[in-house]
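Here is my note on the model you sent.

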Amino acid sequence: MAAAAEHRNTGQATADPSCSAGPQVTGLQIGPRSLQTRYFLAPLAGYTHLAFRIMLRRLGGVGLATTDLVQARMLLSETRKSLELVATNDEDRPLSVQIFSGCPGDLVGAARWLQDRGYEGIDINMGCPVARINGAGGGARLMCDVAGAVEMVARVIDAVDLPVTVKMRLGWDDNRITAPELAARLEDAGTAAVTVHGRTRQQGFGGTVCRRLLRETVQAVRRMPVIANGDIRTVHDAQTMFAETGCAAVAVGRGAMLDPWIFRRLIQAERGETPSDPSPDEQMAFLIDHFSLMRQQHGDYSCILFRKFAAWYGCVLGIPEDLEDRLRRFESVAEFDEITEQVRRRHGERRRQIPTALIRVPDGPVSHW
Ligand SMILES: Cc1cc2nc3c(=O)[nH]c(=O)nc-3n(C[C@H](O)[C@H](O)[C@H](O)COP(=O)(O)O)c2cc1C
(Lines give C-alpha, C1' and ligand atoms only; values in the text may rest on other atoms or scores of the structure.)
Protein backbone atom coordinates (compact mmCIF):
# COMPACT_ATOMS: atom_id res chain seq x y z
CA MET A 1 0.00 0.00 0.00
CA ALA A 2 3.02 2.30 0.21
CA ALA A 3 2.67 3.49 -3.36
CA ALA A 4 -1.00 4.16 -2.86
CA ALA A 5 -0.34 6.22 0.25
CA GLU A 6 2.20 8.32 -1.62
CA HIS A 7 -0.35 9.08 -4.28
CA ARG A 8 -3.00 10.06 -1.83
CA ASN A 9 -4.11 13.65 -1.45
CA THR A 10 -1.64 15.08 -3.86
CA GLY A 11 -4.11 16.67 -6.20
CA GLN A 12 -3.22 20.32 -6.05
CA ALA A 13 -3.86 23.08 -8.52
CA THR A 14 -0.50 24.67 -9.22
CA ALA A 15 0.46 27.89 -10.94
CA ASP A 16 3.45 26.47 -12.76
CA PRO A 17 5.89 29.19 -13.85
CA SER A 18 7.82 26.74 -16.02
CA CYS A 19 4.63 25.81 -17.85
CA SER A 20 5.30 26.07 -21.55
CA ALA A 21 1.68 27.06 -22.04
CA GLY A 22 2.41 30.39 -20.34
CA PRO A 23 3.00 31.60 -16.82
CA GLN A 24 -0.63 32.32 -15.99
CA VAL A 25 -1.93 28.88 -16.84
CA THR A 26 -2.76 26.77 -13.82
CA GLY A 27 -1.49 23.21 -13.79
CA LEU A 28 -2.47 20.26 -11.65
CA GLN A 29 -0.62 17.65 -9.65
CA ILE A 30 -2.00 14.11 -9.90
CA GLY A 31 0.00 11.76 -7.77
CA PRO A 32 3.60 12.19 -8.93
CA ARG A 33 2.59 13.78 -12.24
CA SER A 34 2.77 17.51 -12.78
CA LEU A 35 0.28 18.37 -15.49
CA GLN A 36 0.66 21.73 -17.15
CA THR A 37 -2.98 22.56 -17.70
CA ARG A 38 -6.33 21.59 -16.20
CA TYR A 39 -7.80 20.73 -19.61
CA PHE A 40 -7.81 17.02 -20.32
CA LEU A 41 -8.83 14.98 -23.34
CA ALA A 42 -11.56 12.45 -22.51
CA PRO A 43 -11.27 9.14 -24.39
CA LEU A 44 -13.55 8.60 -27.39
CA ALA A 45 -13.10 5.02 -28.56
CA GLY A 46 -12.36 4.91 -32.26
CA TYR A 47 -11.35 8.56 -32.47
CA THR A 48 -8.85 9.62 -29.80
CA HIS A 49 -6.11 7.32 -31.07
CA LEU A 50 -2.43 8.23 -31.26
CA ALA A 51 -2.62 10.37 -34.41
CA PHE A 52 -5.51 12.47 -33.15
CA ARG A 53 -3.96 12.92 -29.71
CA ILE A 54 -0.73 14.15 -31.22
CA MET A 55 -2.56 16.59 -33.47
CA LEU A 56 -4.36 18.05 -30.46
CA ARG A 57 -1.17 18.25 -28.43
CA ARG A 58 0.55 20.16 -31.22
CA LEU A 59 -2.13 22.83 -31.00
CA GLY A 60 -1.35 23.29 -27.30
CA GLY A 61 -3.31 23.23 -24.07
CA VAL A 62 -3.86 19.50 -23.48
CA GLY A 63 -2.90 18.76 -19.86
CA LEU A 64 -3.47 15.00 -20.04
CA ALA A 65 -4.81 12.56 -22.62
CA THR A 66 -6.12 9.04 -22.11
CA THR A 67 -6.17 6.18 -24.59
CA ASP A 68 -9.39 4.59 -25.78
CA LEU A 69 -10.56 1.87 -23.43
CA VAL A 70 -8.58 -1.36 -23.73
CA GLN A 71 -9.88 -4.73 -22.59
CA ALA A 72 -7.45 -5.90 -19.90
CA ARG A 73 -7.42 -9.53 -21.02
CA MET A 74 -6.85 -8.54 -24.64
CA LEU A 75 -3.90 -6.46 -23.56
CA LEU A 76 -2.44 -9.36 -21.61
CA SER A 77 -2.84 -11.50 -24.71
CA GLU A 78 -1.15 -8.74 -26.70
CA THR A 79 -3.73 -8.83 -29.46
CA ARG A 80 -2.94 -6.63 -32.43
CA LYS A 81 -5.92 -4.39 -31.74
CA SER A 82 -4.99 -3.78 -28.10
CA LEU A 83 -1.37 -3.05 -28.98
CA GLU A 84 -2.58 -0.50 -31.52
CA LEU A 85 -4.71 1.11 -28.83
CA VAL A 86 -1.79 1.54 -26.42
CA ALA A 87 0.65 2.65 -29.14
CA THR A 88 2.32 5.90 -28.13
CA ASN A 89 5.50 7.92 -28.57
CA ASP A 90 7.46 10.72 -26.89
CA GLU A 91 5.24 13.42 -28.34
CA ASP A 92 2.19 11.74 -26.84
CA ARG A 93 2.82 12.81 -23.23
CA PRO A 94 1.45 12.92 -20.59
CA LEU A 95 -0.72 9.88 -21.26
CA SER A 96 -2.81 7.49 -19.22
CA VAL A 97 -3.95 4.14 -20.54
CA GLN A 98 -7.55 3.23 -19.85
CA ILE A 99 -8.25 -0.40 -19.06
CA PHE A 100 -11.48 -2.18 -18.24
CA SER A 101 -12.56 -5.59 -17.04
CA GLY A 102 -15.00 -7.20 -14.66
CA CYS A 103 -12.17 -9.43 -13.46
CA PRO A 104 -9.77 -7.97 -10.88
CA GLY A 105 -6.98 -10.39 -11.80
CA ASP A 106 -7.02 -9.17 -15.40
CA LEU A 107 -6.96 -5.54 -14.32
CA VAL A 108 -3.98 -6.17 -12.06
CA GLY A 109 -2.20 -8.10 -14.80
CA ALA A 110 -2.82 -5.36 -17.37
CA ALA A 111 -1.67 -2.67 -14.95
CA ARG A 112 1.59 -4.54 -14.33
CA TRP A 113 2.01 -5.11 -18.06
CA LEU A 114 1.74 -1.35 -18.61
CA GLN A 115 4.09 -0.50 -15.78
CA ASP A 116 6.71 -2.92 -17.08
CA ARG A 117 6.62 -1.17 -20.45
CA GLY A 118 7.10 2.34 -19.11
CA TYR A 119 3.56 3.74 -19.19
CA GLU A 120 3.00 6.49 -16.64
CA GLY A 121 -0.63 6.34 -15.60
CA ILE A 122 -3.51 3.87 -15.44
CA ASP A 123 -7.15 4.80 -15.71
CA ILE A 124 -9.86 2.28 -14.87
CA ASN A 125 -13.13 2.58 -16.76
CA MET A 126 -16.31 2.55 -14.67
CA GLY A 127 -18.34 4.70 -16.99
CA CYS A 128 -18.91 2.76 -20.16
CA PRO A 129 -22.66 2.20 -20.74
CA VAL A 130 -22.27 -0.44 -23.44
CA ALA A 131 -24.30 -3.57 -22.77
CA ARG A 132 -21.56 -5.98 -23.83
CA ILE A 133 -19.06 -4.42 -21.41
CA ASN A 134 -21.53 -4.04 -18.53
CA GLY A 135 -22.74 -7.61 -19.01
CA ALA A 136 -19.21 -8.83 -18.36
CA GLY A 137 -19.14 -6.83 -15.10
CA GLY A 138 -17.04 -3.97 -16.47
CA GLY A 139 -17.72 -0.30 -17.23
CA ALA A 140 -20.60 1.38 -15.42
CA ARG A 141 -21.73 -1.93 -13.87
CA LEU A 142 -18.92 -1.55 -11.34
CA MET A 143 -20.64 1.51 -9.87
CA CYS A 144 -23.50 -0.63 -8.58
CA ASP A 145 -21.25 -2.32 -6.05
CA VAL A 146 -19.25 0.41 -4.35
CA ALA A 147 -17.38 -1.90 -1.98
CA GLY A 148 -16.51 -4.31 -4.78
CA ALA A 149 -15.39 -1.51 -7.08
CA VAL A 150 -13.14 0.01 -4.41
CA GLU A 151 -11.68 -3.40 -3.61
CA MET A 152 -10.91 -3.91 -7.30
CA VAL A 153 -9.20 -0.54 -7.68
CA ALA A 154 -7.28 -1.07 -4.43
CA ARG A 155 -5.85 -4.28 -5.83
CA VAL A 156 -4.57 -2.43 -8.86
CA ILE A 157 -3.13 0.36 -6.68
CA ASP A 158 -1.34 -2.24 -4.56
CA ALA A 159 0.06 -3.97 -7.61
CA VAL A 160 1.79 -1.01 -9.29
CA ASP A 161 3.71 2.14 -8.44
CA LEU A 162 1.91 4.19 -11.08
CA PRO A 163 -0.87 6.66 -10.25
CA VAL A 164 -4.21 4.94 -10.71
CA THR A 165 -7.26 7.01 -11.67
CA VAL A 166 -10.87 6.06 -12.31
CA LYS A 167 -13.37 7.30 -14.88
CA MET A 168 -16.97 6.93 -13.80
CA ARG A 169 -20.48 8.26 -14.25
CA LEU A 170 -22.80 9.64 -11.57
CA GLY A 171 -24.22 6.17 -10.97
CA TRP A 172 -26.31 3.51 -12.61
CA ASP A 173 -29.60 5.46 -12.66
CA ASP A 174 -31.38 8.23 -10.75
CA ASN A 175 -32.08 5.85 -7.88
CA ARG A 176 -28.49 4.73 -7.63
CA ILE A 177 -26.28 7.82 -7.59
CA THR A 178 -23.06 6.40 -6.20
CA ALA A 179 -20.40 8.82 -7.49
CA PRO A 180 -19.99 10.84 -4.26
CA GLU A 181 -19.65 7.78 -2.03
CA LEU A 182 -17.51 5.92 -4.53
CA ALA A 183 -15.18 8.89 -5.01
CA ALA A 184 -14.72 9.30 -1.26
CA ARG A 185 -13.93 5.64 -0.77
CA LEU A 186 -11.65 5.55 -3.78
CA GLU A 187 -9.73 8.46 -2.28
CA ASP A 188 -9.30 6.49 0.95
CA ALA A 189 -7.98 3.58 -1.08
CA GLY A 190 -5.29 5.78 -2.63
CA THR A 191 -6.80 6.60 -6.02
CA ALA A 192 -4.93 9.53 -7.56
CA ALA A 193 -7.93 11.23 -9.23
CA VAL A 194 -11.39 10.50 -10.59
CA THR A 195 -13.05 11.78 -13.75
CA VAL A 196 -16.82 11.95 -13.54
CA HIS A 197 -19.08 12.13 -16.59
CA GLY A 198 -22.09 13.96 -15.17
CA ARG A 199 -24.71 11.51 -16.42
CA THR A 200 -26.01 8.20 -15.12
CA ARG A 201 -25.55 4.99 -17.06
CA GLN A 202 -29.30 4.96 -17.72
CA GLN A 203 -29.04 8.35 -19.40
CA GLY A 204 -26.51 7.03 -21.87
CA PHE A 205 -25.57 10.20 -23.73
CA GLY A 206 -29.03 11.78 -23.56
CA GLY A 207 -30.43 14.44 -21.27
CA THR A 208 -28.18 16.93 -19.59
CA VAL A 209 -25.14 16.73 -17.37
CA CYS A 210 -26.01 17.24 -13.70
CA ARG A 211 -23.55 19.75 -12.33
CA ARG A 212 -25.14 19.66 -8.89
CA LEU A 213 -24.21 15.99 -8.49
CA LEU A 214 -20.75 16.70 -9.88
CA ARG A 215 -20.36 19.34 -7.17
CA GLU A 216 -21.55 16.85 -4.53
CA THR A 217 -18.87 14.47 -5.73
CA VAL A 218 -16.21 17.19 -5.47
CA GLN A 219 -17.43 17.97 -1.95
CA ALA A 220 -17.36 14.32 -0.93
CA VAL A 221 -13.57 14.05 -1.24
CA ARG A 222 -10.83 15.73 0.75
CA ARG A 223 -8.03 16.55 -1.65
CA MET A 224 -8.18 14.05 -4.47
CA PRO A 225 -8.76 15.91 -7.75
CA VAL A 226 -12.16 15.41 -9.33
CA ILE A 227 -12.20 16.03 -13.05
CA ALA A 228 -15.59 17.07 -14.37
CA ASN A 229 -16.72 15.83 -17.76
CA GLY A 230 -19.66 16.15 -20.09
CA ASP A 231 -20.93 18.53 -22.77
CA ILE A 232 -18.07 21.02 -22.65
CA ARG A 233 -18.00 22.52 -26.13
CA THR A 234 -16.75 26.06 -25.52
CA VAL A 235 -14.48 28.06 -23.26
CA HIS A 236 -17.58 29.36 -21.50
CA ASP A 237 -18.82 25.81 -20.83
CA ALA A 238 -15.49 24.98 -19.18
CA GLN A 239 -15.44 28.16 -17.12
CA THR A 240 -18.94 27.59 -15.79
CA MET A 241 -18.11 23.94 -15.09
CA PHE A 242 -15.24 25.04 -12.84
CA ALA A 243 -17.36 27.71 -11.17
CA GLU A 244 -20.42 25.53 -10.55
CA THR A 245 -18.72 22.31 -9.47
CA GLY A 246 -15.39 23.33 -7.91
CA CYS A 247 -13.72 20.63 -10.00
CA ALA A 248 -9.92 20.47 -10.25
CA ALA A 249 -9.88 20.01 -14.03
CA VAL A 250 -12.25 19.39 -16.92
CA ALA A 251 -12.13 16.60 -19.49
CA VAL A 252 -13.34 17.37 -23.01
CA GLY A 253 -14.37 14.56 -25.34
CA ARG A 254 -16.72 15.33 -28.25
CA GLY A 255 -15.92 19.02 -27.88
CA ALA A 256 -12.39 18.25 -29.05
CA MET A 257 -13.71 16.59 -32.19
CA LEU A 258 -16.07 19.44 -32.90
CA ASP A 259 -13.39 22.03 -32.22
CA PRO A 260 -9.85 20.63 -32.07
CA TRP A 261 -8.68 24.16 -31.16
CA ILE A 262 -10.67 24.14 -27.92
CA PHE A 263 -7.64 23.40 -25.70
CA ARG A 264 -5.70 26.25 -27.27
CA ARG A 265 -8.68 28.53 -26.76
CA LEU A 266 -8.92 27.47 -23.11
CA ILE A 267 -5.35 28.43 -22.29
CA GLN A 268 -5.66 31.64 -24.28
CA ALA A 269 -8.73 32.56 -22.24
CA GLU A 270 -6.99 31.66 -19.00
CA ARG A 271 -4.13 33.97 -19.92
CA GLY A 272 -6.61 36.75 -20.52
CA GLU A 273 -6.12 36.64 -24.30
CA THR A 274 -8.94 36.53 -26.82
CA PRO A 275 -9.29 32.92 -28.01
CA SER A 276 -8.29 32.80 -31.66
CA ASP A 277 -9.90 31.01 -34.57
CA PRO A 278 -7.73 28.78 -36.75
CA SER A 279 -6.90 30.18 -40.16
CA PRO A 280 -8.02 28.24 -43.27
CA ASP A 281 -4.41 27.13 -43.75
CA GLU A 282 -4.23 25.83 -40.19
CA GLN A 283 -7.45 23.92 -40.70
CA MET A 284 -6.18 22.31 -43.87
CA ALA A 285 -2.88 21.47 -42.22
CA PHE A 286 -4.76 19.77 -39.40
CA LEU A 287 -6.70 17.56 -41.81
CA ILE A 288 -3.63 16.62 -43.85
CA ASP A 289 -1.28 16.07 -40.92
CA HIS A 290 -3.86 13.96 -39.11
CA PHE A 291 -4.07 11.61 -42.08
CA SER A 292 -0.31 11.59 -42.45
CA LEU A 293 0.15 10.57 -38.78
CA MET A 294 -2.44 7.84 -39.21
CA ARG A 295 -0.50 6.51 -42.17
CA GLN A 296 2.66 6.36 -40.10
CA GLN A 297 0.87 4.00 -37.71
CA HIS A 298 -1.54 2.12 -39.96
CA GLY A 299 -0.11 2.38 -43.47
CA ASP A 300 -2.59 2.07 -46.35
CA TYR A 301 -5.32 0.85 -44.01
CA SER A 302 -5.57 4.51 -42.93
CA CYS A 303 -7.61 5.20 -46.04
CA ILE A 304 -10.38 3.13 -44.48
CA LEU A 305 -9.82 4.28 -40.89
CA PHE A 306 -9.87 7.92 -41.86
CA ARG A 307 -13.25 7.76 -43.59
CA LYS A 308 -15.13 7.93 -40.29
CA PHE A 309 -13.66 11.40 -39.78
CA ALA A 310 -15.06 12.68 -43.09
CA ALA A 311 -18.42 13.80 -41.73
CA TRP A 312 -17.07 15.89 -38.91
CA TYR A 313 -14.20 17.32 -40.94
CA GLY A 314 -16.84 18.20 -43.52
CA CYS A 315 -18.83 20.22 -41.01
CA VAL A 316 -16.01 21.58 -38.89
CA LEU A 317 -13.92 22.73 -41.84
CA GLY A 318 -16.85 23.57 -44.10
CA ILE A 319 -15.84 21.09 -46.80
CA PRO A 320 -18.20 21.17 -49.81
CA GLU A 321 -20.58 18.21 -49.66
CA ASP A 322 -19.43 16.49 -52.84
CA LEU A 323 -15.85 16.49 -51.53
CA GLU A 324 -16.95 15.33 -48.08
CA ASP A 325 -18.70 12.47 -49.82
CA ARG A 326 -15.47 11.57 -51.60
CA LEU A 327 -13.59 11.69 -48.29
CA ARG A 328 -15.99 9.04 -47.04
CA ARG A 329 -15.00 6.70 -49.84
CA PHE A 330 -11.44 7.49 -50.92
CA GLU A 331 -9.18 4.53 -51.52
CA SER A 332 -5.65 5.78 -51.97
CA VAL A 333 -3.21 8.40 -50.74
CA ALA A 334 -3.16 9.97 -54.21
CA GLU A 335 -6.93 10.33 -54.11
CA PHE A 336 -6.75 11.91 -50.65
CA ASP A 337 -4.19 14.42 -51.93
CA GLU A 338 -6.37 15.27 -54.89
CA ILE A 339 -9.47 15.75 -52.70
CA THR A 340 -7.64 17.95 -50.21
CA GLU A 341 -6.23 20.08 -53.01
CA GLN A 342 -9.79 20.73 -54.19
CA VAL A 343 -10.93 21.41 -50.62
CA ARG A 344 -8.22 24.05 -50.38
CA ARG A 345 -9.25 25.69 -53.65
CA ARG A 346 -12.95 25.71 -52.81
CA HIS A 347 -12.53 26.92 -49.22
CA GLY A 348 -15.45 28.99 -47.98
CA GLU A 349 -18.03 27.48 -50.33
CA ARG A 350 -19.82 25.78 -47.49
CA ARG A 351 -20.48 27.33 -44.10
CA ARG A 352 -18.89 25.74 -41.05
CA GLN A 353 -21.38 24.16 -38.66
CA ILE A 354 -20.75 21.91 -35.75
CA PRO A 355 -23.73 19.83 -34.68
CA THR A 356 -22.94 17.55 -31.76
CA ALA A 357 -25.12 14.87 -33.29
CA LEU A 358 -22.34 14.32 -35.76
CA ILE A 359 -20.48 12.05 -33.38
CA ARG A 360 -22.20 8.75 -33.09
CA VAL A 361 -22.89 7.79 -29.50
CA PRO A 362 -24.20 4.52 -28.12
CA ASP A 363 -27.88 5.05 -28.50
CA GLY A 364 -29.41 4.41 -25.09
CA PRO A 365 -28.26 2.23 -22.25
CA VAL A 366 -28.82 -1.19 -23.75
CA SER A 367 -27.42 -0.65 -27.18
CA HIS A 368 -24.69 -2.74 -28.69
CA TRP A 369 -22.06 -0.24 -29.52
C1 LIG B 1 -17.81 7.70 -29.52
C2 LIG B 1 -17.51 7.72 -28.05
C3 LIG B 1 -16.53 6.88 -27.53
C4 LIG B 1 -16.24 6.89 -26.15
N5 LIG B 1 -15.26 6.08 -25.67
C6 LIG B 1 -14.93 6.12 -24.35
C7 LIG B 1 -13.88 5.33 -23.83
O8 LIG B 1 -13.20 4.59 -24.54
N9 LIG B 1 -13.63 5.42 -22.50
C10 LIG B 1 -14.34 6.24 -21.66
O11 LIG B 1 -14.07 6.31 -20.46
N12 LIG B 1 -15.32 7.02 -22.14
C13 LIG B 1 -15.62 6.98 -23.46
N14 LIG B 1 -16.60 7.80 -23.94
C15 LIG B 1 -17.21 8.79 -23.04
C16 LIG B 1 -16.45 10.12 -23.11
O17 LIG B 1 -15.14 9.99 -22.63
C18 LIG B 1 -17.16 11.21 -22.27
O19 LIG B 1 -17.25 10.78 -20.95
C20 LIG B 1 -18.55 11.53 -22.80
O21 LIG B 1 -18.57 11.58 -24.20
C22 LIG B 1 -19.04 12.88 -22.23
O23 LIG B 1 -18.10 13.89 -22.49
P24 LIG B 1 -18.18 14.86 -23.77
O25 LIG B 1 -19.54 15.50 -23.77
O26 LIG B 1 -17.06 15.85 -23.55
O27 LIG B 1 -17.98 14.02 -24.98
C28 LIG B 1 -16.93 7.77 -25.29
C29 LIG B 1 -17.91 8.62 -25.82
C30 LIG B 1 -18.20 8.60 -27.18
C31 LIG B 1 -19.23 9.55 -27.71
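1. R33 touches L28, L64, P94, L95, S96, E120, G121 and P163, leaving aside residues up to four places away in sequence. Contact here means heavy atoms within 4.5 Å. R33 lies in strand β3, residues 33–35. At 10% relative accessibility, R33 counts as buried. The cut-offs are under 20% relative accessible area for buried, over 50% for exposed and partly exposed in between, with a 1.4 Å probe and protein chains only. R33 and A192 are 159 residues apart in sequence, yet 9.8 Å apart in space, C-alpha to C-alpha.

2. On provenance: this is a predicted model, where local features need pLDDT of at least 70, side-chain atom pairs count only at pLDDT 80 or more, and totals for chains, interfaces and linings use all residues. Residues are numbered from 1 along each chain as its sequence is written, and side-chain values use heavy atoms, with hydrogens and water left out.

3. The overall counts come next. The protein has 17 helices and 12 strands. These are DSSP runs numbered from the N terminus: helices are H or I with at least four residues, strands are E with at least two. Of the 369 residues in the protein, 58% are buried. Take the contacts between residues at least 6 apart in sequence: 68% join residues at least 24 apart.

4. Is strand β8 buried or exposed? Strand β8 (residues 122–126) is mostly covered, with five of its five residues buried. In a regular strand the side chains alternate between the two faces of the sheet. Both faces of β8 are covered: I122, I124 and M126 are buried on one side, D123 and N125 on the other. Strand β7 (residues 95–100) runs parallel to β8, and three bridges join them. Pairing requires at least two DSSP bridges between two strands. I99 has I124 in β8 as its bridge partner.

5. Now a helix pair. The axes of α2 (residues 50–59) and α13 (residues 280–298) come within 8 Å and cross at roughly 140°. That makes α2 oblique to α13. Axes are lines fitted to C-alpha atoms, for helices over the stretch in contact, and angles run from 0 to 180 degrees between N-to-C directions. Under 35 degrees counts as roughly parallel, over 145 as roughly antiparallel, 65 to 115 as roughly perpendicular, and the rest as oblique.

6. The residues of that contact: L50, A51, F52, I54, M55, L56, R58 and L59 in α2 meet A285, F286, D289, H290, L293, M294 and Q297 in α13. They divide into 11 nonpolar, two polar and two charged. Nonpolar covers Ala, Val, Leu, Ile, Met, Phe, Trp, Tyr, Cys and Pro; charged covers Asp, Glu, Lys and Arg; the others, Gly among them, are polar.

7. Last, E181. E181 sits in helix α8, residues 179–188. At 41% relative accessibility, E181 counts as partly exposed. The C-alpha atoms of E181 and V146 are separated by 7.7 Å, with the two residues 35 apart along the chain.
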